[in-house]
Amino acid sequence: MSSTDFQIPMHDWNIVGHVHAINTLRRALVAQRVRHAYLFTGPENIGKALLAQRFAQTLLCTGGIDAHDAPQNPCNACLSCRKVMHGNHPDIHYISRPPEKQFILIEQVRALQADAARKTLEGRRNIFIIQGMHEMNVQAANCLLKTLEEPEPDVVLLLTVPDPGSLLPTILSRVQQVPMQLLTTKQIKFALEDRWRVEPDEASLIAALAAGRMGWAVQAVEDEDMLAERQAQLETLAKLSTAGKVQRFDVAQRLSAESDKLHGILELWLLWWRDMVLAANNCLDLIVNVDMQGVIQNQAAKVGAAESQRMVRAILGTMEALDQNVNARVALEVLMLDLPMVR
């Protein structure tokens, strides 16, 4: 069984899968027609920021045939490549939401514009990677438009977002979108065994739980507490179906205090209830949480497909409300009231 069977190219970009996205960028490099702004789209933990960084590395690589032009693959050996891989290249700037803030702020965009007006220090490009464009407030997004409309010749903006529909149309019209798709379970399992030397049984479980997200799988391998925390969260969720209102509200209060983890927890819940829909329709071979199949099958038989589908919609509504800055505790308490009661 070869890597080619699962579309895991052994190219110098060192990325599992995403062949179409990489080839889109390669064509621009070969034609020497690099756009001033790219938008990498796709689910969380799929590898958007990694691909943006690899593209930036390639744009700055000096190990090609002509050191003045970017090659179609990074050499991973020149000084520029090594600096990018170590995160200390002076011509790559990273912008993201500060941990203590709710949004990417206009002050960060103004700092970007000041840096963009300066000459590059070492490379041929001045590159700005903005992670999580959906977390940028309206004032900052409108400020960024000026840079998108009138970019400096050597500036390249690399933006990431899960859903391009969350951005202003005026921003979307000024970027080239690079959509990224979920990987197959086989792709992820093969990569975990081949590159991360994970044992086959563990690789099978992590690949299934990753739900197509290679970034999630790598985190699960590198952070031994991650799977244990997931297990605890799902056990809490499974018990909520038989819990009373007081217990449910206690969970809502606890979760609302974990703002940095809340989005990930709700994504976990969303996958659980998706699995419930599948189990209720006798599609057990498609569920993600394979290690809890028995619990899911038992609850799905009692709840049914219609109620499970309603919960999927309720969780999506809660996530949307939180994105719009609704009070987290109130939103979670409403969600708790939506949970069906299982006897």
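Me: What makes β3 and β4 a pair of strands in this predicted model?

Reply: Strands count as paired when DSSP finds at least two bridges between them, and strand β3 (residues 126–130) is joined to strand β4 (residues 155–161) by five bridges, the two running parallel. Individual positions along the pair can be named: Asn126 stands opposite Val155 in β4, and Ile130 stands opposite Leu159 in β4.

Me: How do you know that β1 and β4 pair, and which residue of β4 is the bridge partner of Ala37?

Reply: The threshold is at least two bridges, and β1 and β4 pair over five bridges in the parallel sense. The bridge partner of Ala37 in β4 is Leu157, while that of Leu39 is Leu159.

Me: What joins β1 to β5?

Reply: Four bridges join β1 to β5, and these strands run parallel; with at least two bridges required, they count as a pair. Within β5, Val178 is the bridge partner of Phe40.

Me: Why are β2 and β5 said to stand at the edges?

Reply: The five strands form an open sheet in the order β2-β3-β4-β1-β5, with parallel pairing. β2 (92–95) and β5 (176–179) each have a single partner strand, so one side of each is left without a neighbour in the sheet. Across this sheet, neighbouring strands are turned against each other by 20 degrees on average when direction is ignored.

Me: What makes β4 mostly covered, and which of its residues point which way?

Reply: A residue is called buried when its relative accessible area is under 20%, and seven of the seven residues of β4 are buried. Val155, Leu157, Leu159 and Val161 point one way from the strand, whereas Val156, Leu158 and Thr160 point the other way, and all are buried. In a regular strand the side chains alternate between the two faces of the sheet.

Me: How do you know that β1 is mostly covered?

Reply: By the cut-off of under 20% relative accessible area, five of the five residues of β1 are buried. Ala37, Leu39 and Thr41 point one way and Tyr38 and Phe40 the other way, with all of them buried.

Me: Why are α1 and α2 called roughly parallel?

Reply: Helix α1 (residues 19–31) and helix α2 (residues 48–60) pack at an angle of about 20 degrees, with their axes 11 Å apart. Angles under 35 degrees count as roughly parallel, and α1 and α2 are therefore roughly parallel to each other. Their crossing is right-handed. The contact is made by Ala21, Ile22, Leu25 and Leu29 of α1 together with Leu51, Phe55, Thr58 and Leu59 of α2, and by class these residues divide into seven nonpolar, one polar and no charged.

Me: What makes α10 roughly antiparallel to α11?

Reply: Helix α10 (residues 224–240) packs against helix α11 (residues 245–256) at an angle of about 150 degrees, and their axes are 11 Å apart. Because angles over 145 degrees count as roughly antiparallel, α10 is roughly antiparallel to α11. In passing α11, α10 makes a left-handed crossing. Gln233, Thr236 and Leu240 of α10 make the contact with Arg248, Val251, Arg254 and Leu255 of α11, and this contact of α10 with α11 has three nonpolar, two polar and two charged residues.

Me: Why does Arg310 count as partly exposed?

Reply: The relative accessibility of Arg310 is 26%; buried would need a value under 20% and exposed a value over 50%, so Arg310 counts as partly exposed. Arg310 lies in helix α14 (residues 305–323).

Me: With which residues is Arg310 in contact, once its neighbours within four places in sequence are left aside?

Reply: With those neighbours left aside, Arg310 is in contact with Asp338 and Pro340; contact here means heavy atoms within 4.5 Å. The C-alpha atoms of Arg310 and Pro340 are separated by 9.6 Å, and the two residues are 30 residues apart along the chain.

Conventions
Residues are numbered from 1 along each chain as its sequence is written. This is a predicted model: local features need pLDDT of at least 70, side-chain atom pairs count only at pLDDT 80 or more; totals for chains, interfaces and linings use all residues. Side-chain values use heavy atoms; hydrogens and water are left out. Axes are lines fitted to C-alpha atoms, for helices over the stretch in contact, and angles run from 0 to 180 degrees between N-to-C directions. Angles under 35 degrees count as roughly parallel, over 145 as roughly antiparallel, 65 to 115 as roughly perpendicular and the rest as oblique. A crossing is left-handed if the near helix is turned anticlockwise from the far one by less than a right angle, and right-handed if clockwise. Ala, Val, Leu, Ile, Met, Phe, Trp, Tyr, Cys and Pro count as nonpolar, Asp, Glu, Lys and Arg as charged, and the others, Gly among them, as polar. Buried means under 20% relative accessible area, exposed over 50%, partly exposed in between (1.4 Å probe, protein chains only).
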